[in-house]
Each structure stands twice: as C-alpha cells, then as structure tokens.
Number of protein chains: 2
Amino acid sequence: MKPEDIRESSRIARRMSDIQPFHVMALLARARELEAQGRSIIHMEIGEPDFPTPQPVIAAGIRALQLGNIHYTPALGLPQLRQAIAAFYLERYGLGISPARIIVTPGASGALLLALGILINPGEKVLMSDPGYPCNRHFVRLIESLPIGIGTDSATGYQLTPELIAKHWDAMTTAVMIASPANPTGTLLDPENLRAIVEKVHALGGKLISDEIYHGLVYQGEAATTLSVSDEVFVINSFSKYFGMTGWRLGWLVAPETYVRDADKLAQNIFLAASTPAQYAALAAFQPETIAILEQRRTEFQRRRDYLLPALRNLGFDVPINPQGAFYLYADCSRFTKNSETFARDVLEHAGVAITPGVDFGNYEAQRHVRFAYTTSLENLMEGMRRLQAFLHKS
Amino acid sequence: MKPEDIRESSRIARRMSDIQPFHVMALLARARELEAQGRSIIHMEIGEPDFPTPQPVIAAGIRALQLGNIHYTPALGLPQLRQAIAAFYLERYGLGISPARIIVTPGASGALLLALGILINPGEKVLMSDPGYPCNRHFVRLIESLPIGIGTDSATGYQLTPELIAKHWDAMTTAVMIASPANPTGTLLDPENLRAIVEKVHALGGKLISDEIYHGLVYQGEAATTLSVSDEVFVINSFSKYFGMTGWRLGWLVAPETYVRDADKLAQNIFLAASTPAQYAALAAFQPETIAILEQRRTEFQRRRDYLLPALRNLGFDVPINPQGAFYLYADCSRFTKNSETFARDVLEHAGVAITPGVDFGNYEAQRHVRFAYTTSLENLMEGMRRLQAFLHKS
C-alpha cells in the first residue's frame, strides 16, 4: 500500500466503497458535451417524465408562495395533504387508509430512509430483486445493513416470488423490498403474487417495504397496492412520476399505525419536514382537472410504449415479456455485445442515442441489458430507432 | 418480558430507542390546545424566524414555477446557485471558495447526513458539545456511530475547547462537531478558538464538521467561518435562518475538494437533489435588495435580544454570558425549579408562555436550563415577560 492509499482508506467511511454513483451520469455528461459540440442526442436514459408539472399544481404552488406558506409544517406533513392522500386511496383503490398512517416525506427517498431507519438493525439483511432501483441497496448500506440482491429474470417478470424469498431467507434477514411497477423493467406484481409475497414475508417474521412510485403509470392490467393485502406493510409513494413533480421532492410513506410515532420522531430529526411550498402545491394534485391532465399523459406514455416495444424487438433486442407500467423497457442486448456499458457508450458516440447500461440496476446479467426510458416524444423515439437501426445494421 | 414486549423489541431497529423526539413538540401541541380553547399563548419555543421569506426570493420562486423550472437539478445543485454561494463567501468573508466544493442540499439536514455518511464508520465516536442541536447526535446514531456529548458551561461559552477535545479523544474518535453561533446558547467561537480547535482536531487525525447555519444572525462581534482557517473542514450552512427560507428546505455543504465526488454519489443515492424551485428562488437570496431586508431583520433580532437578556436576568434567570448570535437565550432556571421540564409545562399552563426545556439539547445540566427563542415580536416578548413576572413572583 502506498502512503496515499493508506490515507485514502482512512479518510473516508468504508460504506462509500460500496455506494456506487449512477453510471449513467458519466454518460449524461458526455451527451451534454456532444450536444455542446452541436451533435443531436436522443435522450432515452432519463428517469424523469418530460412533461411539466400540471398547471393546477403549478398554480397552487404559486398561490402558496403569494400567501407566504413557507414556514415548517409538522414533521408528518400538512394535515390537509395527509387527508387528501387518504381520500385518493379511497377513490382510486376503494381503500380506507387513516390519514394518521400517511407520512409526507422529501421525495420517495425520504420515505425509504424513514422505513429502513425505523426497521433495520446493522448487519441485518434486506432482500430485493436484481435488477432493481439502485438507491435501495445504498440506503440499506448507509445504515450499515446488508442489501441482498436476488437475481431475477423474465421467468418471474423480474420480480421476487415467495419461493425466491424463502430460498434466500436466513436468520439475519429481516425485510424484503419489492416494487410494482418496477424500475428498470416496468413489470407489475399481480394481486395474487403480491398477496403470496406479503404472506410469505410475514410468515417468516419479516417486514415488507413496497415501492409504488410508478402507480398510475400502468398500461396493461392494474397495479394493486400492497395496502389492499395488509395493513402491516410499509408503502413508499411519490409525487414525482405520475403526478409530474420530480424537482419538488415530495413523496409519502404509509406505515402501520404502531410505527407512526417512530416515523414522526425520526422525521423530526433527519429532515424536520418536507418542503412546504411543495406540500401546498400537491394539494392540487388530486383535483379532477389535474387527474384529467395526468390521464392524457398516461395515454401518451402508452402510445410510446406501444411503439417502442415492437421497434426494439425488430432491431434485435430481446424484451421477453411486455412491461406493463412505469416508462422503461429493459432490453437484452446480448445479440450486439457482451458488455452493455461499452455498448451504451458506443450507441451514444456513434448513434447519438443515450441509454442506461444494466450495471446501474445491479449485477445480475447486467452486462446483457440496457434500459430504454420513453420519457421523450414519440417523434424522438422514432428518430432514435432510425439511428439505432443504422448503427446496429450498417454492416 | 411479556410477549408484547418481545414483539415490541424485535419489531423495530434498536437505534430508535436512542433517537428522541423533540420534547417541545408535546408542549407545542398543548399550546395549540390551549389556544383552541381561547387562551393567549406567547410563543418563545420556536426555532424559526417569524419573518416571511424576503419578497425578492418569493418572486424568484414564483418566476421559477411560471417558467416550469421543476425538473431534477444535478445532485450537487444548480451550477449558478453554487456560483452564487461562492460569490457570497468572497463578498462577505473575503474568501475564495471554489464553487466545485459547494454542494446544495435539502436543508442543513441533508448536509449533515452527507458529511457524516461520507466520513464516519459504525462504532466510531463523534464529539459534540452538550448542550447542542439535538439532531446532531441522532444523525450520528442513524448511521450506527456514537455521539459523545461533552458537557460545557458558561466558562467556555458552552463551546468545545482544544483541551476538552483532547481530554475526550480516544482511539475510536474520528470527528468533532462544532456550531457558531450555537443553538441553544447563541454563543460564538472567536477566530482564535476556532483556529485552535481546527488545529487540535487535525493534529489528532480527526475531521471537523462546523455548523454555521446561524451565520448572519450576529449582534456582537463577527462570526468567523471555519473555512477561513482550513480547507480541510466540512462546513454546514442553510438558507433557513438568516435568509428566512425555513420551509423551502435548502442548505449547503462546503467540503474539501477531494470529497466532492463522494458527496456527489451519496447525494445521488440518498436524495437525488435538493428542491428545484427552492434552488431557483435562492438565487435571489444574495441580491442587494434581499440583503437589505435581511439586515433590517438582523437589527430587529438584535433589539429583541437587547430587551430580552436584561429582562430575563431581572426576573431571576441566570444568563451568565451575553449570547452574541442566533435567536436564542439559554437561561439557568434553577432559582425557580429543579426540573426544567415541569417548569416549562407550568409556565405554559399558568403563564401562557411557551419555552423549550433543556432536555431537548442534551443531558448536561439540562434540568437547570430552558431556552427562550426571540422569534416573536418585541411586543410579544414584553407581554411574555409581564406574564412570567406575575407567575414567578406572585407570592
């Protein structure tokens, strides 16, 4: 070890060597460079809707600022927003959820940190699918617990199953994280599988954390909320994706009633409260005119998916099952490459199309996969496919 | 152990039994109850300026929303805001800080979590003064490290000294947290002590995290930034207090250059980015017309302090040194009580004045102390003192 290495290893917490940056960020920086040079880039790497925040929500945010609603809210959130979220569960899912169980958070990120901070001891294991949302394993690592990625493939819709959970469970396992619709695969857990997973986790004495941030963005079937199966689960949701409020940083956690006091005291300490203007703005997110706008957007996302899925298959990508939600397609690119990272770089440099390499979502068969996000217009998607066609089949 | 207790102890992470709620929250809830019954309550418990966000900042926030600036920013923050913060260091402190070292965060809370997450391993000790900002020890506990509160009193201005740090340092200690101006005591570290502390911590091989969120709210002397002493420190700051942007949830971290990449990847994973509308609004925080408003407010805070300090002493509270900044007075109430918690409750119930018991800031002589916040008008403070006079000296 050279002296610098020793200094390097002592100067920083060990967890930082397990916490990965988003690899796509380097790609995005390179894309911006190319654009600055005058190159046209089709962006299919971005996990953020291209639509603006709906106008009624913007208007409510402006009104809140005009009225001076900028002081701290209670740590659990504005009471009227917790009420509105509860009313949304009744309206959309026919579920009566007490507003007392709803905790408004700084993005789904805040909700994840709360749930894990409350539940998981250091050294305990949390099971999750690989591929999956990369931050999950880093949140678990932050609090000195062990994220266990379970390789999943199209056979289970890239989702965990009761069998996979049972197989990987051991004495140190205390929780399972699931997502439906999932990032990066866009797949759903159907109500039966959802119920079976909840029952298995609870039978094993564990806790279930369910990521439902892509609810509302479903084009085939219906996304069931885990709350319809059990009151003893932790459900993460967000105003970012369906509601189009990414940069506002607002989400929520639904916790079992007995954990709300703990969520309150942890929230008080680690973030005080979610953004006040964002909370007032979000009060307009459930209004009929907002929902009408969001449903139009959902239809547009569906058109994009319905175009992109066969187009990618025609190009030679393998997408073995039809993703039903979110705005992602997870495509097997092994016909073209053994290394999806260099492939993504080549596609950017030579075809002017930005996509995300599988390595951003885990390790399992990551080098065979890339993620396409349809967060850009149908026209752009078509242009992207033309470019890929020319690049992949030029010889 | 009854079966419920076993369930209770296994259902939740152990850290939660060390993480305390703000005791003042129960008091605040009781105050609201009394107000709902028609009682008048003077609020001197609230750690939030009573002033609105300055109008130019509100206007910039509204403009950002009108322009649709609601998408994610880079994890390190808007480049132009990082520039503006750097320019502020040059203007106010005559210090050239590279914008590359400035990381915009969701409140100072986000900055604290970043700094600790990057630096501190589980089991390692972090020294801090007791009394102090209560969240500090809970952040340290969240990541499975050990907060070590060092009892301080008026002899050292309630601040750590090189001697205290050396005395409490052991092989497991890796960092020290300081704050100037401090909560709850309002005291400053003068430049000489600041330098001596930095040198001591670095000589011991540790890291220094310096909370400067009350900078700008100084009424006597000048608050030196730790950045003027060393580039190897971690400085936390905030738009909440001096800039009057509490509910927007925006702060920043200045990190040594070699840590910025780590801060970037941790920020990407644990909060993605700070609120976008808040970041655009904050661009107006450094404009001359905003600063003029803030300086008027500072003068008003000073008038309040200059009234409240002798008034409390006249009533029989012991405030042994003159607090120079923030908007708090930390008062010894042992002439009236042996238990500052019941004292704060009695003062609320019988005098209609809400104050914060010492226990919210640590353990050291907490039962002898209460905190008075002068975040309400001079008139209200005067009425509060009349009520306290009547209550304390009625017999």
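How do the axes of helix H2 (residues 23–36) of chain A and helix H12 (residues 340–351) of chain A cross, and within what distance do they come? They come within 11 Å and cross at roughly 15°; axes here are lines fitted to C-alpha atoms, for helices over the stretch in contact, and angles run from 0 to 180 degrees between N-to-C directions. Before going on, please keep in mind that this is a predicted model, in which local features need pLDDT of at least 70 and side-chain atom pairs count only at pLDDT 80 or more, while totals for chains, interfaces and linings use all residues. Residues are numbered from 1 along each chain as its sequence is written, with chains lettered from A and ligands numbered from 1 in the order in which they are written.

Helices (H or I, at least four residues) and strands (E, at least two) are DSSP runs, numbered from the N terminus. On the H2(A) side, His23(A), Leu27(A), Arg30(A) and Ala31(A) meet Glu341(A), Ala344(A), Arg345(A) and Leu348(A) of H12(A); contact requires C-beta atoms, placed from the backbone, to lie within 7 Å. Four of the residues in this contact are nonpolar, one is polar and three are charged. Nonpolar covers Ala, Val, Leu, Ile, Met, Phe, Trp, Tyr, Cys and Pro, charged covers Asp, Glu, Lys and Arg, and the others, Gly among them, are polar.

Let us turn to the sheet. In chain A, seven strands make an open, mixed sheet in the order S2-S8-S7-S6-S5-S3-S4, where pairing takes at least two DSSP bridges between two strands. Strand S2 (102–105) and strand S4 (146–151) of chain A are at the edges, each pairing on one side only. From one strand to the next, the twist averages 25°.

S7(A) pairs with strand S8 (residues 251–254) of chain A in the antiparallel sense over four bridges, while three bridges join S7(A) to strand S6 (residues 207–211) of chain A in parallel. Ile236(A) stands opposite Leu253(A) in S8(A), and Asp211(A) stands opposite Ile236(A). In a regular strand the side chains alternate between the two faces of the sheet. Here Phe234(A), Ile236(A) and Ser238(A) point one way and Val235(A) and Asn237(A) the other. Five of the five residues of S7(A) are buried, so the strand is largely enclosed by the rest of the structure; buried means 20 or more other C-beta atoms within 10 Å, exposed 12 or fewer, and partly exposed in between, with C-beta atoms placed from the backbone.

Some backbone details deserve a glance. Most residues other than glycine have a negative phi, and most peptide bonds are trans. Ser180(A) and Pro181(A) are joined by a cis peptide bond with omega about -10°, and Pro181(A) is found in the loop between strand S5 (173–179) and helix H8 (191–203) of chain A. Tyr158(B) has a positive phi near 60° and counts as buried, with 25 C-beta neighbours inside 10 Å.

Conventions. Two residues are in contact if their C-beta atoms, placed from the backbone, lie within 7 Å.
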